[in-house]
Amino acid sequence: SAGYAHACATTPDGTAYCWGDNTTGELGNGTTARSPIPVAVAGGLHFVSLSAGFAHTCGVTAAGVVYCWGDNTFGQLGVLVSASYSSTPVALAVSLHFGSVSAGYDHTCGVASGVAYCWGSNVLGQLGTGSFITAPTPAAVAGGNNFISVSAGVAHSCGVTLQGAALCWGANDAGQLGTGTLSAASAPAAVAGGLNFGSVSAGNLYSCGVTTGGGAFCWGENVYGELGSSATSTGSATPVAVTGGLNFAKLSAGFYHACGLTTGGAAY
């Protein structure tokens, strides 16, 4: 998982390694010294997945426990620590079994038993709780939806329900919520178009998703061509098809660019 200035990965046995910037302990090795080579995350934990955010990292163990490390200025680690960061993994102090976690810019989201939870900064409604109150511990996303996945972007988040509906919440100044308007939403709002999604990825000022049929769609800002729709820089507040007619298995929305993997294993 590649974050803003650091990256992390797991070995086949679930051991976590990180490298890159470490100003706020986002490498999780107990120091704040940057490393150009992989360093082991402290604690001897074994993870099934990792997510590197802007300056923090989170992972899920096989037991469904979420651990986070790095910057905690806005509570994005999901636990109160004595300093503004933690250079070693700290566990969420909640009795929830998480299936996935996604680290964003200054907030984090995860899914536990179909319920989406978010924590951290909420000044733009990116936690989806129906308010703009920051939460240093996990808070349930409003609406009572049954989620299969959730993705934390820079100032917005998106998730996919069991029924395949894409919902987004938070900032919407570039149409990154995909609702057809530029109005922000502090609670989940349906992405326009009635498409059935298998996954959605929230980036900076845009989002991308893959339908259950393998179609790739993006919406929001397109200044740098991040929608993949054409050479034009025109954005869209509703989903537009990524050019090429390729069948994708997954997509990942970065800050100003996106990448995808086709069902045949080719990367674009």
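Q: What is the handedness of the link of Cys-109 and Cys-118?
A: The model is a predicted one. The handedness is read from the torsion about the S-S bond: for Cys-109 and Cys-118 this is 105°, and the link is right-handed. The two sulfur atoms of this disulfide lie 2.1 Å apart.

Q: Is Cys-109 buried or exposed?
A: Residues under 20% relative accessible area are classed as buried. Cys-109 has a value of 0% and is therefore buried.

Q: How many disulfides does the structure hold, and how are they paired?
A: There are five disulfides. When the bonded cysteines are numbered in sequence order, the pairing reads 1-2, 3-4, 5-6, 7-8, 9-10. Cys-259 takes part in no disulfide; the nearest cysteine sulfur, that of Cys-208, is 10 Å away. Cys-259 counts as partly exposed because its relative accessibility is 41%.

Q: Which parts of the chain does the disulfide of Cys-208 and Cys-218 tie together?
A: The sulfur atoms of Cys-208 and Cys-218 are 2.1 Å apart. The torsion about their S-S bond is about 105°, so this disulfide is right-handed. Cys-208 lies in strand 17 (residues 206-211) and Cys-218 in strand 18 (residues 216-220), so the pair ties together parts that are 10 residues apart in sequence. Cys-208 is buried at 1% relative accessibility, and Cys-218 is buried at 2%.

Q: How do strands of a sheet pair?
A: Pairing is through backbone hydrogen bonds, either parallel or antiparallel. Here, an open sheet of four strands has the order 8-9-10-11, and its pairing is antiparallel. Strand 8 (98-103) and strand 11 (135-140) are the edge strands, each pairing on one side only. From one strand to the next, the twist averages 15°.

Q: How many bridges join strand 10 to strand 11?
A: Three bridges join strand 10 (residues 115-120) to strand 11. The bridge partner of Cys-118 in strand 11 is Ala-139.

Q: What does the side chain of Ser-102 reach?
A: Ser-102 lies in strand 8. Its side chain reaches the backbone nitrogen of Ala-152 at 2.9 Å. Leaving aside neighbours within four places in sequence, Ser-102 is in contact with several residues, among them Ser-51, Cys-109 and Val-150. Ser-102 counts as buried because its relative accessibility is 10%.

Definitions and conventions
Residues are numbered from 1 along each chain as its sequence is written. This is a predicted model: local features need pLDDT of at least 70, side-chain atom pairs count only at pLDDT 80 or more; totals for chains, interfaces and linings use all residues. Side-chain values use heavy atoms; hydrogens and water are left out. Two strands pair if DSSP finds at least two bridges between them. Helices (H or I, at least four residues) and strands (E, at least two) are DSSP runs, numbered from the N terminus. Axes are lines fitted to C-alpha atoms, for helices over the stretch in contact, and angles run from 0 to 180 degrees between N-to-C directions. Buried means under 20% relative accessible area, exposed over 50%, partly exposed in between (1.4 Å probe, protein chains only). A polar contact is a pair of N or O atoms within 3.5 Å; within protein, one must be able to donate a hydrogen and the other to accept it, and residues adjacent in sequence count only if both atoms are side-chain atoms. Contact means heavy atoms within 4.5 Å. A disulfide is a pair of cysteine sulfur atoms within 2.5 Å.
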